[in-house]
Each structure stands twice: as C-alpha cells, then as structure tokens.
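Here are my notes on the packing in this model. Please read them with the viewer open.

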Amino acid sequence: MTKLAISQVDGQHFRVNGELTRNSIGDEQLLNNKLLTKHKIIYFDLSGVSRVDTAGLAWLIHSFAELKQQGIRLELQNLPEQLQNLMQLGQVTTLFE
C-alpha cells in the first residue's frame, strides 16, 4: 500500500500521489488542513495516483461537494484509467466536467 499524499503546487493546483483507496484516505483532511485558497477553481493532478477504488471515488465526490458549498469548482486532471472506469460505472463522469 502506498500512502496518500497531497501537495499544493501553487494557490490552485494540488498534486495527488499514492493510492486513493479505503485504506489510505481515512485520515486525509484535505479540505480542513490544506485547502486555503481564494481561487474559484482548483485542480487536482491525479497523475501520481497508483491505485483507486470506490472509496477513493467517493472521497473525490465528497471533496467536490464540500468545495462546491464554498463556491469553489474542483477540476480533475490526468485521471488514471482505473478512476475513469469507476466513474463510468458509477455514472458520475459528468460531475467533474
């Protein structure tokens, strides 16, 4: 298992590395600790994600909803094929467009 790590590249760009799985996302408090931005759009670069499961997808959906409540749009970049497949199965692809 590769631990989940989220690093802020600049004010509105974040890089997500490791696994987005039920075993790795439990303690990640991105919205409380790391997302201090005045931008209306933020970007998650997912090119460093090695594995994702439905819990990881749920975490992204939750992040999307929390940010939307704050008036911030979340855009995903460089989605791994595994995540794209899960999004299609769950019929949530349009949520992040």
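1. Basis. This is a predicted model, so to speak only for its computed values: local features need pLDDT of at least 70, side-chain atom pairs count only at pLDDT 80 or more, and totals for chains, interfaces and linings use all residues. Residues are numbered from 1 along each chain as its sequence is written, and side-chain values use heavy atoms, with hydrogens and water left out.2. Core. The largest nonpolar core has 24 residues. A nonpolar core here is a set of buried Ala, Val, Leu, Ile, Met, Phe, Trp, Tyr and Cys residues joined through side-chain atoms within 4.5 Å. Buried means under 20% relative accessible area, exposed over 50%, and partly exposed in between, with a 1.4 Å probe and protein chains only. Val16, Leu20, Phe44, Leu46, Leu60, Leu74 and Leu76 touch the most other members. Two or more residues come from each of strand E2 (13–20), strand E3 (41–52), helix H2 (54–69), strand E4 (73–77) and helix H3 (81–89). These elements are DSSP runs numbered from the N terminus: helices are H or I with at least four residues, strands are E with at least two.

2. Leu60. Which residues does leucine 60 touch? Leaving out residues up to four places away in sequence, they are Leu20, Phe44, Leu46, Leu74, Leu76, Leu83 and Phe96. Contact means heavy atoms within 4.5 Å.

3. Aromatic pairs. The structure holds 2. Rings of Phe, Tyr and Trp (its six-membered ring) pair if their centres lie within 6.5 Å; planes under 30 degrees apart count as stacked, over 60 as edge-to-face and the rest as tilted. Phenylalanine 14 and phenylalanine 44 are edge-to-face, because their ring centres are 6.1 Å apart and their planes stand at 70°. This pair links distant parts of the chain, with phenylalanine 14 in strand E2 and phenylalanine 44 in strand E3, 30 residues apart. Phenylalanine 14 counts as buried at 1% relative accessibility, and phenylalanine 44 counts as buried at 0%.

4. Second pair. Is the pair of phenylalanine 44 and tryptophan 59 stacked or edge-to-face? It is stacked, because the centres are 6.2 Å apart and the planes are at 20°. Phenylalanine 44 lies in strand E3 and tryptophan 59 in helix H2, so the pair ties together parts 15 residues apart in sequence. Ring pairs link Phe14, Phe44 and Trp59 into a cluster.

5. Helix H3. Its buried residues are Leu83, Leu86 and Met87. Seen down the axis of H3, they fall within an arc of 100°, so they line one face of the helix. The arc is that of the directions from the helix axis to the C-beta atoms. E3, H2 and E4 are among what covers these buried residues of H3. The face turned away from the buried side of H3 carries the exposed residues Glu81, Gln88 and Leu89. Glutamine 91 follows H3, and its phi is positive, near 55°.
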